[in-house]
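Biologist: Could you take me through this structure slowly, and tell me what each term rests on?

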Amino acid sequence: MSFKTTCPYCGVGCGIEISRTGSSLKLIGDKDSPVNQGMLCIKGQTLLETVGSDDDRLLVPSTGSWSSAIKRISEAFKNTPKDSIALYLSGQMLMEDLYVAKKFTHAYGIKNLESNSRLCMYSTVAANNRAYGSDIVPVSYDDIYHAETVFIIGSNTADCHPIVFNHIKKSKAFVVCVDVYKSTTAKRSDLFIQVEPGQDMVLIDDLVNQPWFKDKKTLSVYSQGLTQSTDATDKVNALINAHIKTGNINKPGCGVLSLTGQCNAMGGREIGIKTQDLTATEFFSTDQIKTLWVMATNPAHSMINYRQFETLIVSDFTKTLTTQDADIVLPACSWSEQTGHQKNSERRYLEQNAFLPPAGESKPDWEIICLVAKELGLEGFDYAHADEIWTQMDIDQTWTSNIQVREVPVEINTPEREYGSSINNGRLLAQWHGMSRTGKSETLNKMTQENSAMVSIHHITNTELFKDKEVELDKYSKQPCFKG
């Protein structure tokens, strides 16, 4: 018997095939997947080492039972002003989970709904809206094979999105990498341009003068090296402007592709997981939020200004730094136990299918939210299965490799800045986020080698890394960046 599902790590969206013989499971890349064509990175290859139960797996609610946990959450919500309640979600949650969460906040009157995508991609959203009029990703992985030049900036693609980089190397394109240190991607590119931290805007503005950019069909690929920096929205718009000015847009092999870091961050963008009041950063940097419900993310690791709350509720599949602080901990299903949909970096809707039963008393996130909603007396939360939610969402799943966008450069006025010493941090090939999943793999742990040229985001919290540093919010997206 075999099952097809999708990798739960980054936003590439690799298809996986699971086969079962008796009690034994085997995992391979799905050769029929248009995304990865059977290829898997080392994290995908070792996923079966992370499933099942270990000492850190959450199996029962911390209160002892689901009924007592749901009652306590209901009481906390009823005893907290609605503008002091927030839900902090994750790009690792499925489309169905995010839809139900948004429906719940609207039904109960909660304005503070955010995703951890606020930390990585909201500047891309803002830049797309400024350039195209809406949050459009106009290109796809297909464009890699039509491009004559692939320009990589702000992304160590070879380590962080290995399957995309495999496609790039399989193509005949001339690969140019810009980074502040000689990353794995830089070493495997045809041309490496090293820049000083904070000086990437100067290089972007000069792209229109580079023959390998202006005279070739060029696809630009970027990630958080641009969007987690000062003036992030302006930098992304400057990159799009360079494509417009050189005619490298609206034709095969040309355009700008953002590589997303979580499996369903794009889904959260589509559903509209975005605050009507405070941003996720402000959940932690102000005193307004008293009751916070965190789902499938670990802000004690990732938030620079992490703080305590009067009531902290956490839904997760495993113990984390955040569950250690929580007043109420709820056991959520892991990826191998969930069925639903996610949306990848190139806009494809992909299925995630459960191939194991829920561990212990764990439940999918959508079901947990429904239990709380019904306890609060809300109607419309009587779903029996995830497919009922997907049907109600009624999403048009038609996919095209390219979308035509307008070609009007955005006016950019970037302030003059003085740059002193900087901290360069990044991901490692064999780990992911706070290692709550990858840390369970013996293979990945043995492979892990820290790079002296940058600080591993996996092995240090942002509170530690950026202690005594100033947080600046991008003026368009309110995405945080960190200044010395």
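This is a predicted model: local features need pLDDT of at least 70, side-chain atom pairs count only at pLDDT 80 or more; totals for chains, interfaces and linings use all residues.

Modeller: Residues are numbered from 1 along each chain as its sequence is written, and side-chain values use heavy atoms, with hydrogens and water left out.

Biologist: Why is the aromatic pair of Phe77 and Tyr108 called tilted?

Modeller: Rings of Phe, Tyr and Trp (its six-membered ring) pair if their centres lie within 6.5 Å, and planes under 30 degrees apart count as stacked, over 60 as edge-to-face and the rest as tilted. Phe77 and Tyr108 are 6.1 Å apart, centre to centre, with 50° between the planes, so the pair is tilted.

Biologist: How do you know whether Phe77 is buried or exposed?

Modeller: Buried means under 20% relative accessible area, exposed over 50%, and partly exposed in between (1.4 Å probe, protein chains only). Phe77 has 1% relative accessibility and therefore counts as buried, and Tyr108, with 11%, is buried too.

Biologist: What makes you say that the charged end of Arg348 sits over the ring of Trp399?

Modeller: The rule asks that NZ of Lys or CZ of Arg be within 6 Å of the ring centre and within 35 degrees of the ring normal. The charged end of Arg348 is 3.6 Å from the centre of the Trp399 ring, and Arg437 lies over the face of Tyr9 at 5.6 Å from the ring centre.
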